[in-house]
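Work through the exercises below with the sequence and the model open. Each task is followed by a stepwise solution.

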Amino acid sequence: MAAPRGNEAHTIRPERRRARRSVLAGLAAFGALGAAGCTRVASASGEGGDLLERLRAQGVVRLGIAGEVPFGYIDRDGRLTGEAPELARAIFGRLGVDRVQPVPTEFGSLIPGLNAQQFDVVAAGMYVTPDRCEQVIFADPDYQMPDAFIVRKGNPLGLRTYADALRRHAKIATGTGYAQIQHAVEAGFKENDLVIVPDQVAGLNAVESGRVDLFTATAVTARMVARGSAKAESTKPFVALVDGRPKVDGGAFAFRPTETRLRDAFNTELHKLRRSGELYRILRPFGFTEAEMTTLTAKELCRR
C-alpha cells in the first residue's frame, strides 16, 4: 500500500471500469454499515486502552477498509473480503470477537478516520512508514511486497525495472497515494510527469488503451488486476531502490496510539498464525506467494 504523496494533475478518468463496478456495487450494498461506522466508538481509558475488552463485550470489531483488491473490499456478492478482512476474522475470532463490520472509506481517510474513532482498526494492507508511525501504532507486517508493472502483452518495450522505464522514456502511471510514486521519483522520474489514476483498474485501462506504457503497483496488485486481461500482463516482481538501497515495504493493521493492549494481543495471535503456516493459507487465495511472507517488524519499518 501507499505512502501519502503524489501529484494528481494528470488524472485519467477511464470510460470503462468493469472490475471496479463490482467493488463499488458492494460498497453501496454496505452503505448502511458504512454510515453506522461513522458514529464514534467510545474513547479508550486506562493505560494501554480497554478497547479489546469492549470489543469482546460487543462481539463485533469495525474495520476501516479502502475498497482495494486484494487488500480489503466488498465482492460481487456484497461480502467483505480481502487479505486483511480475512486475517481480521481469524485473529479477532481467536481474541473472542466473533464478527467484523466494514467501514468503507477512501485510503487517505483511513488514519484520520481511525483517530476520529469512526472505526476500531485499519484493515487495508497499509504500508508501515515512519510518517504513519507518528500517527498510529502498527501490528507487525503480515506481508512484504516488491513492485511490479502492468504492461502491454509481450512487454514490447522490455520494461522490468524503473531504470528500464527511464531509459526507454516510458510514460508511467500509478495510483493516488501509492508508494510507487516515491519509487519512480527516486529512480529519476519527475513527479509532475507521472500519470496519477484513481485506482488499479484505471491503471489497467490506461495500459490497455495505450495511453501509458506501464502502470506500477505492488506485485500482488499487478498480478491480480492483469490476470484476466487480453491486452496486458504483469511483469516479474522487483525491489525498488530508495536512497540508493533496496526497499521492501510491509503491510500491517493499524491501531490508535492509546490501544497498545489490543495491538499486542493482535501481534501474539499473528505470530502464532505465522509459525503454524496458517497466515500463508489465509493470504494465498488473494494472490500472495510464499516470497511475500515476512519476518519484518513494525519497529524496524518505523525506523527506516
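Predicted model: local features only at pLDDT ≥ 70, side-chain atom pairs only at ≥ 80, totals over all residues.

**Exercise 1.** Find where D243 lies and classify its exposure.

Solution. 
- D243 sits in the loop between strand 13 (240-242) and strand 14 (245-247).
- Its phi is positive, about 55 degrees, although D243 is not a glycine.
- The relative accessible area of D243 is 57%.
- Exposed means over 50%, so D243 is exposed.

**Exercise 2.** Which form does the peptide bond from V69 to P70 take?

Solution. 
- Omega is near 5 degrees, and the bond is cis.
- Most peptide bonds are trans.
- P70 belongs to the loop between strand 1 (60-65) and strand 2 (73-74).

**Exercise 3.** Trace the open sheet with the order 10-9-11-8-12.

Solution. 
- The sheet has 5 strands, with mixed pairing.
- Strand 10 (195-197) and strand 12 (232-234) are the edges. Each has a single partner strand, so one side of each lacks a neighbour in the sheet.
- From one strand to the next, the twist averages 30 degrees.
- Strand 9 (172-175) pairs with strand 10 in the parallel sense, over 3 bridges.
- G175 has V197 in strand 10 as its bridge partner.
- Helix 10 (219-226) lies across strand 8, strand 11 and strand 12, at about 30 degrees to strand 8.

Terms used
Residues numbered from 1 in each chain as written. Heavy atoms only, no water. Helix = DSSP H or I, 4+ residues; strand = E, 2+ residues; numbered from the N terminus. Buried < 20%, exposed > 50% of the residue type's maximum accessible area, 1.4 Å probe, protein only. Pairing = 2+ DSSP bridges. Axes fitted to C-alpha atoms, helices over the stretch in contact; angles between N-to-C directions. Contact = heavy atoms within 4.5 Å.
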